[in-house]
Each structure stands twice: as structure tokens, then as C-alpha cells.
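Okay, thanks everyone, I'll keep this short. Let me put the structure up, and then we'll walk through the sheet, the core and the confidence.

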Amino acid sequence: MNEWIPLCPADDLPPGTMRALQVGGHAILLANVDGTLYATAGSCTHEQADLVDGYLEGAAVVCPIHFSMFALATGAVLDGPATLPLQVYPVRAENGWILIRLETGPETPSRPSAADPAGNP
Ligand code: FES
């Protein structure tokens, strides 16, 4: 799935807040850190706690149960006991709405063209 999906009005996610939403069978955590938007899986990879019940610490989310910390931009584990990263999703705001794509992983880099396999413009 590669289209941008509107999730909620941008006004519903002011800086310093998080929201949990369900999209296409995925539990999503949206976070706004000083105006930068992040979208990750909504459940901790340790024992599936709802991360929206945790708290933000800089550009990281801390799980409410055993306090694993995940980088919002990459999903990387910054502090355990979790060992597996969070899924992250591309997210942006447009016309007052927050949109995400449900593709897996970080932004997919553009593929090199056949004319220039090195990917130079
Ligand atoms: S459930 Fe999140 S750290 Fe254990």
C-alpha cells in the first residue's frame, strides 16, 4: 500500500502530544515533537503495551510498562528491555491534515534509473 492516507486533522496533534489510531488493521502511534511529525507502530515490541500511554522524551517515546525507549524517527531501541525496533511510517501534514503511508520501513530511496545506475541526477 503506497498511497497517503489522511489520519486526523493536524490541530488534533499539537506539539508535545501523541495519539493512537487504527489504520488498515495497523495500530499507529502519531507524535508531534516541536512541530516534527512521527508515525510508528502503536504497540511496544517487548510486551505489546500501548505506547500512547507512555510519554515523550525528546524525539523518543518511552513505554509505560517497562520503560523501553524508542527513537521516533527510526524506531530504534534506545533503551531496553525491548530488543526489536518499532515499525516506522512516512508521515506528513498537508492542507491541515496528517497523512501516512503504510509501506514498511523508512522512506524508500529512489531507485537508480537504467540510464544512470549510480543514481546520479
Ligand atoms: S511492554 Fe514495553 S518495555 Fe515491556
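Predicted model: local features only at pLDDT ≥ 70, side-chain atom pairs only at ≥ 80, totals over all residues.

So, start with S3 and S4: they run antiparallel, and 6 bridges join them.

Now zoom out a bit. That pair belongs to an open sheet of 4 strands, in the order S2-S3-S4-S9, with antiparallel pairing. Which strands sit at the edges? Those are S2, residues 17-23, and S9, and each of them pairs on one side only.

As a general point, nonpolar side chains in soluble globular proteins tend to be buried together. Here the largest nonpolar core has 23 residues, and the ones with the most contacts inside it are Leu29, Leu30, Ala31, Ala39 and Val61. Two or more residues each come from S3 (26-33), S4 (36-41), S6 (60-62), S9 (88-89) and S11 (97-100). S3 gives the most, with 4 residues.

What does it touch, leaving aside neighbours within four places in sequence? The list is Met18, Tyr38, Leu56, Val61 and Leu72, and Val61 is also among the residues with the most contacts inside the core.

Last thing, confidence. The protein averages a pLDDT of 86, with 84% of the residues scoring at least 70. The stretch to watch is 105-121: pLDDT stays under 50 there, and the model has 7 contacts beyond four places in sequence for those residues.

Definitions and conventions. Residues numbered from 1 in each chain as written. Core = buried A, V, L, I, M, F, W, Y, C linked by C-beta atoms within 7 Å. Buried ≥ 20, exposed ≤ 12 C-beta atoms within 10 Å, placed from the backbone. Contact = placed C-beta atoms within 7 Å. pLDDT = per-residue confidence, 0-100. Pairing = 2+ DSSP bridges.
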